[in-house]
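Here is a friendly briefing to read alongside the sequence and the 3D view. Please have a look at both before going on to the notes.

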Amino acid sequence: MMINNMRLQNFRNYENETIQFMPGTNILIGDNGQGKTNIIEGIYYLLTGKSYRVHREQELLRWDQSEFHLYGDFLMNDRKVSLESHYKDKRKMVKINKVSCQRLSDFVGTINVIFFSPDDLVMIKGGPSERRRFLDLHIAQMRPGHVSILNAYNKVIQQKSALLKSFTDKHLKYSQLQLWNEQIIELGEKIILNRADLTQRLQDAADPIYGNLSSKKEKLMILYYALGKRTANEAISEFPKLLNDKLDQEIERQMVLVGPHRDDLQILLNNKPARLYASQGQQRSLVLSLKLAELEIIRQEKGEYPLLLLDDVLSELDRFRRDYLIKFIESSHIQTLITMTSADNHLELGTLYFVEQGHIRRET
Ligand SMILES: Nc1ncnc2c1ncn2[C@@H]1O[C@H](COP(=O)(O)OP(=O)(O)OP(=O)(O)O)[C@@H](O)[C@H]1O
């Protein structure tokens, strides 16, 4: 997959800027605060409908403006695809090849993208919600229906929570809670199966990569604990019983205690949780392995590598890991966009773009 060009209008510090990209590696270079990350964020937003930095579109608007527009031309299996994302009157609108999409899930995954920044360490160091988010974002790119399932599931959880907090009549509550539980099972099973499937694929793809990156050859294990169980099948067969068993506790604590909204992805090195025991260097290798595994999984699924966006990553990796990443990109011909400051010295890697105060100039 490839991005040919991109236009940003009133997005962050860009008033109206068009960039032509090249196959291979594209390097966005400039001093701090010039707008390098904003380009990466614009591409990510155009492809996923979300920013990885903020939750509200309002913050993406160029200051004092009321609408932004993003346009991009892409290649997918040698077919041209044009994508547009508009934000106007506090509403989002997206188009594929000039045709409006009703739902975001009709749009997400058209062109795939993997984004990697130093903040991704949170996947290892952070709490379970960060790891669930990582899984869900990846699944959404391969199976856009996952977004609708998650949205429907989250609504059910909200409604069940509201019920747990509101009613005083226990009998009425029981019968209504049973109705919500049926929906939690129906939607929750799909979420569990999708996440378990991706986890297995991540395990298969990331373990050999981690092996190459680690001198001690530690064994990497990635396990998805659905409902606290080791396998998805076990979790699904026990789902109704687990919900029933916790019903009284849920009423007492006024919280939804059973379901995939509480699951975790365990990342283990030699059987020990990486979150607690892995060194900084091991954690970096783990994130890099997971990101490269994501690239491979999308290639297996779609027959082509996705775009790769690297924001400030090279300066954070040590030489060995940096060389590994660069070799991977070069040998697999993945179109990659890399941001760096002028102090970095990898300029020979690809086409250079100079970014200065919201303007971009390609080296000629
Ligand atoms: N909504 C906005 N409207 C206008 N300008 C904005 C908006 N949000 C951020 N900016 C400006 O964008 C610039 C930051 O851009 P960006 O994060 O892309 O920097 P960068 O070139 O990646 O820098 P660094 O090397 O420090 O990461 C800052 O000057 C900031 O003031």
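## A hairpin to start with

In the hairpin that β4 and β5 form, two residues lie between the strands, and N77 has a positive phi near 50°. Strands here are DSSP runs of E with at least two residues, helices are DSSP runs of H or I with at least four, and both are numbered from the N terminus. Please keep in mind that this is a predicted model: local features need pLDDT of at least 70, side-chain atom pairs count only at pLDDT 80 or more, and totals for chains, interfaces and linings use all residues. Residue numbers start from 1 along each chain, as its sequence is written.

**Strands around the hairpin**

- Ten bridges pair β4 with strand β5 (residues 79-88) in the antiparallel sense; two strands count as paired if DSSP finds at least two bridges between them.
- Within this pairing, V81 in β5 is the bridge partner of F74.
- Strand β4 (residues 67-76) is also joined to strand β1 (residues 2-11), by seven bridges, and these two run antiparallel.
- Here D73 in β4 stands opposite N5.

**A six-stranded sheet**

- Six strands make an open sheet with mixed pairing, in the order β8-β12-β13-β3-β14-β15.
- The edges are β8 (113-116) and β15 (359-362); each has a single partner strand, so one side of each is left without a neighbour in the sheet.
- On average, neighbouring strands of this sheet are turned by 20° against each other, direction ignored.
- Strand β3 (residues 25-29) and strand β14 (residues 351-356) run parallel and are joined by four bridges.
- L28 has Y353 of β14 standing opposite.

**Two packed helices**

- Helix α3 (residues 128-142) packs against helix α4 (residues 145-166) at an angle of about 135°, with axes 6 Å apart; axes are lines fitted to C-alpha atoms over the stretch in contact, and angles run from 0 to 180 degrees between N-to-C directions.
- That angle makes α3 oblique to α4, since under 35 degrees is roughly parallel, over 145 roughly antiparallel, 65 to 115 roughly perpendicular and the rest oblique.
- D136, I139 and A140 in α3 meet H146, V147 and L150 in α4, where contact means C-beta atoms, placed from the backbone, within 7 Å.

**Around the ligand**

- N13, N32, K36, T37 and N38 come nearest among the 17 residues around the ligand; a residue is near if its C-beta atom, placed from the backbone, lies within 6 Å.
- Helix α1 (residues 36-48) gives the most to this shell, with three residues.

Note on methods. Two residues are in contact if their C-beta atoms, placed from the backbone, lie within 7 Å.
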